[in-house]
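Here are my notes on this model, written as numbered points so that you can follow them with the structure open beside you.

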Amino acid sequence: MPELPEVETTRAGVEPHVAGQRVRTVIVRQPQLRWPVSDALARDLPGQTIHAVRRRAKYLLFAADTGHVCLHLGMSGRLRVVPADTPVETHDHVDIVLENDTLLRFNDARRFGSLFWLTGDPHEFSLLSRLGPEPLSDAFDGAWLRARSAGRRTAVKAFIMDAAVVVGVGNIYACEALHMAGIHPRRTAGRIGRARYERLAEAIKQVLAEAIAVGGTTLRDYIGVDGDTGYFQLSLAAYGREGQPCPRGCGPIRREVIGQRSTFFCPVCQT
DNA sequence: AAAGCGCCCTGAAGGC
DNA sequence: TGCCTTCAGGGCGCTT
């Protein structure tokens, strides 16, 4: 379940191993991911050097000579750098083999992930071009949320999970940020005032930044180690804690479905 | 334009 | 114990 902190952890963990490396070959064992993997990837990428690994929302962008590899981990995707002779396991769908005898291996049990070969400006790619601001950037703040919420009758929780509003806020961190900000997840987005949106924007930044910092502890032993380690180190106040007491001492955390997603909140301190 | 829902897929968990 | 069902989840894209 990679959310933005895990994608960022993956980016930071992989980049030192691949930056400056030339691609020897690309092996696509299973092209049927969220979208079919284009033949152009295996055809055009070999021989090119990977210069940097960047991130936009939950997409990783590997900058090569004439284009970018754009990767989304989906729900269950994992990316590892391993020795080139590492045995293939179930759901190892794509290898990008490097000339230093290591390879970048994409494993994805549920195949909600996706892999694209993009030429031209990757930010103009249809899936990236309409995305909202990065939550940790200065472009994202309470004023932005307030402005974008005008007239919106949807629940605030669904609103902050809308990638056109702000990227990278998945179900877990939406719940946590709303709890931190003391806002009820069902509150109508368009009827929340500026001050509360300031608090919510700060909560989103804080929750994500803390999660990235925790994910960072996984970096040191990134290769060969379960990528979910950082995730489980998070101390969740609301998510997944139905029936358990709110950390503020209010009462039991409640679970309700909002926008087809399980939502955990404290009915006392979130108003 | 905005909102709601179906769908892609597999593994884990729950029920009997 | 084992089979069957249900659920989880990101996010695109279709429908209303």
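1. Let me start with a charged pair: Arg 55 and Glu 8 meet through their side chains in a salt bridge, at 2.8 Å from N to O. A salt bridge here is a side-chain nitrogen of Lys or Arg within 4 Å of a carboxyl oxygen of Asp or Glu. The two partners come from distant parts of the chain, with Arg 55 in strand 2 and Glu 8 in helix 1, 47 residues apart. Helices (H or I, at least four residues) and strands (E, at least two) are DSSP runs, numbered from the N terminus. Glu 8 is buried, at a relative accessible area of 16%; buried stands for under 20%, exposed for over 50%, and partly exposed for anything in between (1.4 Å probe, protein chains only).

2. A word on the source: this is a predicted model, in which local features need pLDDT of at least 70 and side-chain atom pairs count only at pLDDT 80 or more, while totals for chains, interfaces and linings use all residues. Residues are numbered from 1 along each chain as its sequence is written, chains are lettered from A and ligands numbered from 1 in the order in which they are written, and side-chain values use heavy atoms, with hydrogens and water left out.

3. A network of salt bridges links Glu 8, Arg 11, Glu 15, Arg 55, Arg 56 and Glu 134. By the same rule, the count comes to 15 salt bridges. Side chains of opposite charge can pair when their charged atoms come close.

4. Two further salt bridges are worth a look. Arg 105 and Asp 92 meet at 3.8 Å, N to O. Arg 105 belongs to strand 7 (residues 102-108) and Asp 92 to strand 6 (residues 92-98), so this pair ties together parts that are 13 residues apart in sequence. Both Arg 105 and Asp 92 are buried. In the other, Glu 198 joins Arg 194, with the closest N and O atoms 2.9 Å apart. Both residues sit in helix 7 (residues 194-216), four residues apart, which is about one turn of the helix. Glu 198 counts as partly exposed at 30% relative accessibility, and Arg 194 counts as partly exposed at 46%.

5. Which strands make up the open sheet of four, and in what order? The order is 2-3-4-8, with antiparallel pairing; two strands pair if DSSP finds at least two bridges between them. Strand 2 (52-56) and strand 8 (114-118) are the edge strands, each pairing on one side only. From one strand to the next, the twist averages 20°. Helix 1 (residues 4-18) packs on this sheet, touching strand 2 and strand 3, and its direction makes about 170° with that of strand 2. For that description, contact means heavy atoms within 4.5 Å, and axes are lines fitted to C-alpha atoms, for helices over the stretch in contact, with angles running from 0 to 180 degrees between N-to-C directions.

6. Inside the sheet, strand 3 (residues 59-63) and strand 4 (residues 68-72) pair over five bridges in the antiparallel sense. Strand 4 and strand 8 also pair in the antiparallel sense over five bridges. You can follow one row across: Leu 60 has Leu 71 in strand 4 as its bridge partner, and Leu 71 has Leu 115 in strand 8. All five residues of strand 8 are buried: Ser 114, Phe 116 and Leu 118 point one way, while Leu 115 and Trp 117 point the other way.

7. Is Gln 48 buried or exposed? Gln 48 is buried, with a relative accessible area of 7%, and lies in the loop between helix 2 (39-44) and strand 2. The side chains of Gln 48 and Thr 66 are joined by a polar contact of 2.7 Å. A polar contact is a pair of N or O atoms within 3.5 Å; within protein, one must be able to donate a hydrogen and the other to accept it, and residues adjacent in sequence count only if both atoms are side-chain atoms.

8. Finally, a backbone point: Asp 101 has a positive phi of about 65° although it is not a glycine. Asp 101 lies in the loop between strand 6 and strand 7.
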